[in-house]
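Please look over the sequence and the structure shown here before reading on.

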Amino acid sequence: MNEEEMARAVARGLAQHEARRADAQARQLLGCLLVFAVFGVGFILLVTYGG
């Protein structure tokens, strides 16, 4: 393996790592938004029908 192939392999590995990190961050954001939406709907129902 020469220097150019090694550099390409490192760049490919970094790109794959960044893509996995971005996917995980997007899933975490969607999860937080879902929790926020559930609490928001619950709060609205509590205020509307809770007495």
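**Salt bridges and a nonpolar patch**

Glu-18 counts as partly exposed because its relative accessibility is 40%, where buried means under 20% relative accessible area, exposed over 50%, and partly exposed in between (1.4 Å probe, protein chains only). This is a predicted model, in which local features need pLDDT of at least 70 and side-chain atom pairs count only at pLDDT 80 or more, while totals for chains, interfaces and linings use all residues. Residues are numbered from 1 along each chain as its sequence is written, and side-chain values use heavy atoms, with hydrogens and water left out.

Salt bridges
- The structure holds two salt bridges, a term for a side-chain nitrogen of Lys or Arg within 4 Å of a carboxyl oxygen of Asp or Glu.
- Glu-18 pairs with Arg-21, their closest N and O atoms being 2.6 Å apart, and Arg-21 is partly exposed at 41%.
- Arg-8 and Glu-4 meet in a salt bridge at 2.9 Å, N to O; Arg-8 is partly exposed at 47%, whereas Glu-4 is exposed at 53%.

Nonpolar patch
- Met-1, Met-6, Val-10 and Leu-14 make a nonpolar surface patch of about 460 Å², with accessible areas from the Shrake-Rupley method with a 1.4 Å probe, only the protein chains shown counting as cover for residues.
- Patches are made of residues with over 30% relative accessible area and no salt bridge, like charges being joined within 9 Å and nonpolar side chains (Val, Leu, Ile, Met, Phe, Trp, Tyr) within 5 Å.
- Met-6 is partly exposed at 44% relative accessibility.
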